[in-house]
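Keep the structure open and follow along strand by strand.

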Amino acid sequence: MPFIPHTEEDVREMLAAIGVKDIEALFDEIPAELRSAGLKRVPPGVSEMAISRDMAERAAQDQRTLCFAGAGAYEHHIPAAVWEIATRGEFYSAYTPYQAEASQGTLQLLYEYQTMMASLTGMDVSNASLYDGATALAEAILMAVRSNRKAKSKKILIPRTVHPHYRKVAHTIVKNQGIVLEELDYDRQGGHINPASLPSEPDSFVALVIPQPNFFGVLEEVDALTDWAHQHGGMVIAVTNPVSLALLKPPGEWGETGADITCGDGQPLGVPLSSGGPYFGFICCREEFVRQMPGRIIGRTTDLDGKPGYALTLQAREQHIRRSKATSNICTNQGLLVTAATIHMAMIGPAGLERTAASSHANTQVLLKKLQAVAGLKPIFNRPVFHEAAIGLDLPTADVIQALAAEGIVAGFALNEDYPELGNTLLVCATETKTETDLDHFVANLQRITSRGQGTKNPAEPKMA
Amino acid sequence: MSNIPAELRYTKSHEWVRKNDDGTLTIGISDHAQELLGDLVFVDPPEVGTTFGEGDDCAVVESVKAASDVYCPIAGEVTAINEDLADAPETINADPYGDGWIFTIKPEDDDAFMELMDADAYGEMVAEEDH
């Protein structure tokens, strides 16, 4: 028997009920240029040998690049064993282990993941992951709105130092629920939210979002910001890079009472850059908010024989049971990536994670010194950074990025589009994967390109480092 | 057969209502409802001072099996909630008509109480559901 969820008559009735002409009309709001027209014709089939050769030739066109771009996704060393284990048959599924009796291994792994994330963030509980960092922030915002019943508004204060993509995604997800995202501007010298610039008598708000490190790589004054929000009845949502937490104070310890919810992208924990995804989002919170947290958590219990066992808990609020009243209807979890992240964290341990974070910070410091000494390029903000910094350029950022790309170097992320007030600014990052030679190679090429553009006396013979 | 006290009134969605001397109404879920839900693990009560219409969802009871809405049987303003349920939601399983009460309201219409199902009608409805 074929599975046909709706007959043509069902569809007609539903469309008539909402006053829409046809199904196509439901997709009107998607711009036409983003719609796929569909295949005009299916190309003729080719043999396995021919397609393998075609694919190999196309793959060979990829050049090995030296990447200094971060901006939310970071290149870290991943021990070979991580994905070797993660892709074993026992783990190789992205699907949720609803049948506890058949999935004890996966459930135990998720339990370990939650324990690691809660410990890293200083929070009481973690869920079993979300789709990515941006949707994790959107979920944290929705969660805060459900939790903070004392707030007289649905206003969220969100600094412009939060990743611009996160802000756009969060806006798209929450805008139709009457939630207002009010942006806070940053200090032009520090590249951070200056606590002194915050109003002493703010209007009621639900929560303040605090990025640490922020999108510019700059460290925010998290203690003062957390206390300010709590003093005025707002919750605190931390957006963090999990690797940085091996060095920095965990959000659970910010200010007098700590952040309430912590979220972010888990990619730096063992997930390769792989052209932008898939990654995974994480969300952790204080125990008092656990029933407003989207997704499920895994609990450890004892079975009838008194042996330890693992089970999904808190799933009574999920969409397969609560339908439209679920705490979230996009509580996708990224099982396979979380599997890799858990193995990655277990393999390198807290000390290894700390070394990764410290080396990334140190490498970025070396890069900044070299950029200044050799190319005369300086960070535009004067506050301390973790492993990323915004560098002012005299040339159009896009031209510099393009010129370096020709040399196999990914120079960084252009900040102009999202922050036009900064002019030509490049966000650069040097993780532990970069050697002294890599840094010198990058700096020399950047120097060559920028000095050529400045119209040196003899452009044919650019000054070499 | 579950316990259906004669002095209370009931709704189709399995809430019970008691009329108090001061005119307020105390509301909880019936013995039958707690049996269906199983062990309760969490109660999300309404806020004191909030006004609900008849049939509005105003609280959530969550068991190991499901999370269910509690509907306001009669329009009115919430005057008190059972704070003890926060730490001991299982009280509803043990004593649904006594210590397991969920909230009280001041009804907009004093006569609305009498329009609810009496114990006999509710008993019949439950018996039919069981078939």
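Two strands count as paired if DSSP finds at least two bridges between them. Keep that cut-off in mind for the first stop, chain B. This is a predicted model. Chain B has an average pLDDT of 93, and 98% of the residues score at least 70. The model as a whole scores ipTM 0.72 and pTM 0.86.

Chain B holds an open sheet of six strands. Their order is β1-β2-β3-β9-β8-β5, and the pairing is antiparallel. At the edges stand β1 (9–10) and β5 (51–52) of chain B, and each pairs on one side only. Look at the β5 end. There, β5(B) pairs with strand β8 (residues 76–81) of chain B in the antiparallel sense, over two bridges.

Now turn to chain A. Here an open sheet of seven strands runs in the order β2-β8-β7-β6-β5-β3-β4, with mixed pairing. Its edges are β2 (125–126) and β4 of chain A. Each has a single partner strand, so one side of each is left without a neighbour in the sheet.

Helix α7 (residues 222–231) of chain A packs on this sheet. The helix touches β5 and β6 of chain A, and its direction makes about 170° with that of β5(A). Strand β6 (residues 235–240) of chain A is joined to strand β7 (residues 261–265) of chain A by three bridges, and the two run parallel. One residue pair to look for is A:A238 with its bridge partner A:T262 in β7(A).

Move on to strand β3 (residues 155–159) of chain A. How much of this strand is buried? Four of its five residues are, so β3(A) is largely enclosed by the rest of the structure. The cut-off for buried is 20 or more other C-beta atoms within 10 Å of the residue's own.

What pairs with β3(A)? Strand β5 (residues 207–212) of chain A is one partner, parallel to β3(A) over two bridges. In that pairing, A:L157 stands opposite A:L208. Strand β4 (residues 180–184) of chain A is another, also parallel, joined to β3(A) by five bridges. Here A:K155 stands opposite A:V180. The chain gets from β3(A) to β4(A) through helix α6 (residues 164–174) of chain A, and this β-α-β crossover is right-handed.

Key:
Residues are numbered from 1 along each chain as its sequence is written. Chains are lettered from A and ligands numbered from 1 in the order in which they are written. This is a predicted model: local features need pLDDT of at least 70, side-chain atom pairs count only at pLDDT 80 or more; totals for chains, interfaces and linings use all residues. A residue is buried if 20 or more other C-beta atoms lie within 10 Å of its own, exposed if 12 or fewer, and partly exposed in between; C-beta atoms are placed from the backbone. A crossover is right-handed if, with the strands pointing away from the viewer, the path from the first strand over the helix to the second runs clockwise. pLDDT is the predictor's confidence in each residue, from 0 to 100. Two residues are in contact if their C-beta atoms, placed from the backbone, lie within 7 Å. Axes are lines fitted to C-alpha atoms, for helices over the stretch in contact, and angles run from 0 to 180 degrees between N-to-C directions.
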